[in-house]
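Me: Could you walk me through this protein chain, one question at a time? I am new to reading structures.

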Amino acid sequence: MQQQETAILDRYGLLGYPVGHSKSPIIHRLFAEQTDQAMSYELVEVRPEKLDDMVRAFQRNGGRGLNVTVPHKADVTRLVDELSEAASIAGAVNTLDMRDNHIVGHNTDGIGLVRDLTQNWQFDIAGKRILIFGAGGAAQGIIAPLFEHEPALITIANRTVAKADALANHFGTLGNVNATRFADIRDGSEPYDLVINATSAGLGGEDAPFPRAAVSNRHTACYDLSYSLNTTPFIVWAQKVDAQRTRSGWGMLLEQAAEPLRLWRGVMPDTHAVIKRLPVN
Ligand code: NAP
């Protein structure tokens, strides 16, 4: 009788609520095919009150690692045995590495953004004036990695200005950083070289509050952390105010997903080959 071989796949996934819209399973399937990894990647949808039980059950049932998204990036830090330096500075985790009952929390958002900016988009951060819209989990993860490349200034603008103030205080020892309201960004001040959108403003169809004065025509580059099959509200706005060039968050998405594969399995996928296979714009 012929024996049928069943491949045993190492188990990984994305933890969040909701996660149904996520492109991570497609990206990780393409990465696994490309790097010849025997792994599965599933969506793990869990409400905040069930977070602890779900993470422990995933690990007990052979789980090797999880990516973590909204709304769990901060809460999940209490479940880890060890935090990487990037996760510790950010105060947020987007990757769990599970080995022998030991969980290490990492944050790959910053490295993902910086790789996409500097290597894929050829934007040189050194000496640049950077404005970040937003002060949520994503903003928290990108500020320290941006400072490693020595920008002249990072300004954080947020609807809830107290959260921008808190981030400016938290990262104040790393470099020149300040906080502001959207309404206080006015014409006449020294222009920004790069505006990064780290908000989810406009994605629900509401008016986005981005101030015209943030962009100095044909000088300022605009980068959106958000990504969509359609042009995002921030990119529509940036093109309308004549930004020098624009880029959406697909490249960052790929880079921040590639780094966990390196951490989990020691292989680095070729993100350029994979991005060509996605319906990005
Ligand atoms: P979050 O923690 O929920 O923070 C949301 C941010 O958006 C806050 O600063 C919030 O301001 C602001 N905001 C929401 N609606 C707004 C509105 N109508 N007007 C003005 N500000 C508004 O979310 P997050 O994790 O930081 O994620 C932010 C975005 O980045 C999401 O679209 C996410 O998909 C994207 N992201 C992309 C990647 C990637 O790999 N490309 C990685 C991480 C995140 P308040 O503080 O005032 O509420």
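Me: Are Glu259 and Arg115 buried or exposed?
Reply: Let's start with the cut-offs: buried means under 20% relative accessible area, exposed means over 50%, and partly exposed is in between (1.4 Å probe, protein chains only). By that rule, Glu259 and Arg115 fall in one class. Both are buried.

Me: Before we go on, what kind of model is this, and how are residues numbered?
Reply: This is a predicted model, in which local features need pLDDT of at least 70 and side-chain atom pairs count only at pLDDT 80 or more, while totals for chains, interfaces and linings use all residues. Side-chain values use heavy atoms, with hydrogens and water left out, and residues are numbered from 1 along each chain as its sequence is written.

Me: Which parts of the chain does the pair of Glu259 and Arg115 tie together?
Reply: Helices (H or I, at least four residues) and strands (E, at least two) are DSSP runs, numbered from the N terminus. The two residues are 144 residues apart in sequence, so their pairing ties together separate parts: Glu259 lies in helix H8 and Arg115 in helix H4 (residues 109-120).

Me: How is the chain divided into domains, and what separates their centres?
Reply: The bounds come from an automatic or database domain assignment. Domain 1 takes in 2-107 + 251-275, and domain 2 covers 110-248. Taken over C-alpha atoms, their centres are separated by 27 Å.

Me: What is the area buried between domain 1 and domain 2, and which three residues of domain 1 supply 40% of its part?
Reply: Buried area is the accessible area (1.4 Å probe) that two parts lose on being put together, summed over both. Here the area is about 1300 Å², with carbon and sulfur atoms giving 59%. On the domain 1 side, 40% of the area buried against domain 2 is supplied by three residues, more than by any other three: Ile89, Met252 and Glu255.

Me: How many salt bridges are counted between domain 1 and domain 2, and how many in total?
Reply: Between the two domains, the count is one salt bridge. By the same cut-off, the total comes to 15 salt bridges.

Me: Which residues are linked with Arg64 in a network of salt bridges?
Reply: Arg64 pairs with Asp10, the closest N and O atoms being 3.0 Å apart. That pair links distant parts of the chain, with Arg64 in strand S3 (residues 63-68) and Asp10 in strand S1 (residues 10-16), 54 residues apart. Arg64 is partly exposed, at 33% relative accessible area. The residues linked with Arg64 in the network are Asp10 and Arg265.

Me: Where is Thr220, and which backbone oxygen does its side chain reach?
Reply: Thr220 sits in the loop between strand S10 (194-197) and strand S11 (221-224). At 0% relative accessibility, Thr220 counts as buried. Leaving out residues up to four places away in sequence, Thr220 touches several residues, including Leu194, Ala214 and Gln244. The backbone oxygen that its side chain reaches, at 2.8 Å, belongs to Tyr192.

Me: How many of the 11 residues of helix H5 are buried?
Reply: Helix H5 spans residues 137-147 and is mostly covered. Among its buried residues are Ile142, Ile143 and Phe147. The number of buried residues in H5 is eight.

Me: Is Gln122 buried or exposed, and which residues is it in contact with?
Reply: Gln122 is in the loop between H4 and strand S7 (129-133). With a relative accessible area of 59%, Gln122 is exposed. Leaving aside neighbours within four places in sequence, Gln122 is in contact with Leu117 and Arg245.

Notes
Salt bridge = Lys/Arg side-chain N within 4 Å of Asp/Glu carboxyl O. Polar contact = N/O pair within 3.5 Å; in protein donor to acceptor, adjacent residues only side chain to side chain. Contact = heavy atoms within 4.5 Å.
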